[in-house]
Amino acid sequence: MTGRQAHDELTHEPALLGTLGLTLFAALWEVAGRLGWINPVVLSSPSRIGDAFVRQVASGELLRDLQVTTLEFAVGFGLATVIGVALGVAMGLNQDVEAGLDPFVWFLYAAPLVAFYPLIIVWLGFGFASVVAITVLLTAIPITVNTLTGIRSVDPLLVRAVRAFGGNQWDVVTK
């Protein structure tokens, strides 16, 4: 075996081991499902999941569900982006705004937000509004924190340069 052949075999080894591991895991999972070791209501077997997938693709149900999910995600993430960037910029540019919002932002950042899911379901019910609300809740705070961090990390010399050339606050934010 040449050095190149040995190198090629070593390059593929992680992929082969990963594939083997996943295959063994799926096989054990399938056997456990067929022997009744796992409750099919709680965790179905890979073959039943595959059958359901094929049925949903054939009926068009999967495509419709993906369209709804994509719309819910796009609306929720779009709202979260607008809210998060606006809050982050406002907090980064104004210390009074930051002092007022900081406790709420850090509370929500540290809180297990999934715990709010039952409340949102009670308030909004199941459906579009609750999914959008959960998406906003889970993503707006990290976007706010990252925007605030980005604003704080701007080189002060660059801000001074914009102001030296006659730039206003809008120019500082956008440029």
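The mean positions of the 9 positive and 13 negative charges of the chain lie 4 Å apart. In this count Lys and Arg are positive and Asp and Glu negative, while His and the chain ends are not counted. The place of a charge is NZ of Lys, CZ of Arg, CG of Asp or CD of Glu.

The model is predicted, so local features need pLDDT of at least 70 and side-chain atom pairs count only at pLDDT 80 or more, whereas totals for chains, interfaces and linings use all residues. Residues are numbered from 1 along each chain as its sequence is written, and side-chain values use heavy atoms, with hydrogens and water left out.

## The chain as a whole

Eight helices and zero strands make up the list of elements in the chain, which reads α-α-α-α-α-α-α-α from the N terminus on. Helices (H or I, at least four residues) and strands (E, at least two) are DSSP runs, numbered from the N terminus.

The chain has a radius of gyration of 25 Å, while a compact globule of 175 residues would have one near 16 Å. That radius is taken over C-alpha atoms, and the globule rule is 2.2 Å times the number of residues to the power 0.38. Along the principal axes, the C-alpha atoms of the chain fill a box of roughly 70 × 60 × 30 Å.

Of the 175 residues in the chain, 19% are buried. Buried stands for under 20% relative accessible area, exposed for over 50%, and partly exposed for what lies in between (1.4 Å probe, protein chains only). The accessible surface of the chain is about 12600 Å², and carbon and sulfur atoms hold 71% of that area. These areas come from the Shrake-Rupley method with a 1.4 Å probe; for residues, only the protein chains shown count as cover.

Among the contacts in the chain with a separation of 6 or more, 59% are between residues 24 or more positions apart. A contact means heavy atoms within 4.5 Å.

## Two salt bridges

The count of salt bridges comes to two. A salt bridge here is a side-chain nitrogen of Lys or Arg within 4 Å of a carboxyl oxygen of Asp or Glu.

One of them joins Arg 34 to Glu 30, with the closest N and O atoms 2.6 Å apart. Arg 34 and Glu 30 are four residues apart in helix 1, which means that about one helical turn separates them. Arg 34 is exposed at 63% relative accessibility, whereas Glu 30 is buried at 14%. Helix 1 covers residues 3-34. Leaving out residues up to four places away in sequence, Glu 30 touches Ser 45, Pro 46 and Ser 47.

Glu 98 and Arg 152 form a salt bridge in which the closest N and O atoms are 1.8 Å apart. Glu 98 lies in helix 4 (residues 95-110) and Arg 152 in helix 6 (residues 128-152), so this pair ties together parts that are 54 residues apart in sequence. Glu 98 counts as buried, with 16% relative accessibility, and Arg 152 as exposed, with 52%.

## Other residues along the helices

Helix 6 also holds Thr 135, which is buried at 13% relative accessibility. Apart from neighbours within four places in sequence, Thr 135 is in contact with Phe 73, Gly 76 and Phe 77.

Phe 107 is found in helix 4 and is exposed, with a relative accessible area of 51%. Arg 160 belongs to helix 7 (residues 156-164) and is exposed at 59% relative accessibility. Leu 16 has its place in helix 1 and counts as exposed, at 59% relative accessibility.

Each of these residues can be paired with another for a distance between C-alpha atoms, as the table sets out.

| Residue pair | Separation in sequence | C-alpha distance |
|---|---|---|
| Phe 107 and Ile 141 | 34 residues | 9.8 Å |
| Arg 160 and Val 172 | 12 residues | 9.0 Å |
| Leu 16 and Val 173 | 157 residues | 49 Å |
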